[in-house]
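Take a look at the model below. The report that follows covers its packing.

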Amino acid sequence: MFCHRCGTQVDSSAQFCANCGQALTGAPGGTSVQAWTPPPQVEVAMGRWLSAGWNLVTEDLGTYIVITLISFLLSSVPLIQGSLIAGFHIYTLKKLTGRRAEFADMFKGFNFFIPALVASLLIGLFTFIGFLCLIIPGLVIIAMYKFTYLFIVDKRMDFWQAMKASHAIVRNDYFGFTMFVIVVFLVNVLGFLCLLVGLLVTVPLTFAAITVAYQEIVGFDPRTADAL
């Protein structure tokens with residue numbers, strides 16, 4: 001499991017985080033992760049999510065462009081893509097919860113380096129296998145695991161638990177969430193066609209829309225927003 005204050009991975013039998021000293025499961029004042037129950041019904045509202053994401057990005061366009069540029073530059077470094085994705089979500093999570101969001105928040109994704117890394121590798125592998133099966137299964141798999149990094153960051157889940165939680169949401173409406181992924185993909189294709197410059201807007205729009213969807217469906221743990 002992970003400390004809810006600093007995100008450090010700790011042994012499940014530990015009572016205190018070795019990094020920050022926060023009380024954990026079984027200790028007075030502990031911050032153990034509460035059991036999460038998937039919602040019985042989920043409504044896919046891609047128009048509302050994209051609209052809210054657009055408003056969020058355009059209101060803070062300068063910072064989002066810088067974060068996207070830095071992410072593009074760092075994306076060539078092996079094994080850090082998962083942490084970069086988590087960092088994008090952390091920045092947007094703080095914006096959505098009214099906390100002070102700063103450029104440096106994008107690097108807080110590295111606090112979850114191991115689970116984000118393993119999740120990115122598994123999702124990449126599953127997606128590759130899915131695309132070998134006539135493309136559509138690959139799109140469904142992308143949709144299934146779109147909320148994985150948010151569960152890692154917000155609920156302090158390990159990679160497999162977070163992947164299962166994301167799937168538990170999407171299985172309510174595979175078609176709707178897959179269409180959401182396709183629409184977002186087409187938006188980014190449009191950004192690519194605009195001499196690549198459009199990607200500086202469409203990429204953060206993608207992460208913002210996914211984070212908005214997560215907030216609506218799951219809801220953020222207030223302890224996470226306070227600790228980040």
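In this predicted model, Ile169 touches Trp36, Val42, Phe147, Phe151, Phe177, Ile217 and Val218, leaving aside residues up to four places away in sequence. Ile169 also belongs to the largest nonpolar core, which has 41 residues. Trp49, Phe147, Phe151, Ile169, Phe177 and Ile217 touch the most other members of that core. At least two core residues come from each of α1 (46-59), α3, α4, α5, α6, α7, α8 (174-193) and α9 (199-217). Helix α9 gives the largest share, six residues. There is also a second, separate core of 13 residues; Val57, Ile67, Met106 and Phe207 are among them.

Now to helix α4. It covers residues 113-132, and its 20 residues should span 28 Å at 1.5 Å a residue; the end C-alpha atoms are 28 Å apart, so the two values agree. Pro115, Ala116, Leu117, Ala119, Ser120, Ile123, Thr127 and Gly130 of α4 are buried. The buried residues of α4 pack against α3 (81-96), α5 (136-144), α6 (148-154) and α7 (159-170). After α4 comes Leu134, with a positive phi near 70°.

How do α4 and α7 pack, and at what angle? Their angle is about 50°, and their axes are 9 Å apart. The two helices are therefore oblique. Their crossing is right-handed. The table lists the residues that make the contact.

| Helix | Contact residues |
|---|---|
| α4 | Pro115, Val118, Ala119, Leu122, Ile123, Phe126 |
| α7 | Phe159, Trp160, Met163 |

Terms used: Residues are numbered from 1 along each chain as its sequence is written. This is a predicted model: local features need pLDDT of at least 70, side-chain atom pairs count only at pLDDT 80 or more; totals for chains, interfaces and linings use all residues. Side-chain values use heavy atoms; hydrogens and water are left out. Helices (H or I, at least four residues) and strands (E, at least two) are DSSP runs, numbered from the N terminus. The expected span of a helix is 1.5 Å times one less than its number of residues. Buried means under 20% relative accessible area, exposed over 50%, partly exposed in between (1.4 Å probe, protein chains only). Contact means heavy atoms within 4.5 Å. A nonpolar core is a set of buried Ala, Val, Leu, Ile, Met, Phe, Trp, Tyr and Cys residues joined through side-chain atoms within 4.5 Å. Axes are lines fitted to C-alpha atoms, for helices over the stretch in contact, and angles run from 0 to 180 degrees between N-to-C directions. Angles under 35 degrees count as roughly parallel, over 145 as roughly antiparallel, 65 to 115 as roughly perpendicular and the rest as oblique. A crossing is left-handed if the near helix is turned anticlockwise from the far one by less than a right angle, and right-handed if clockwise.
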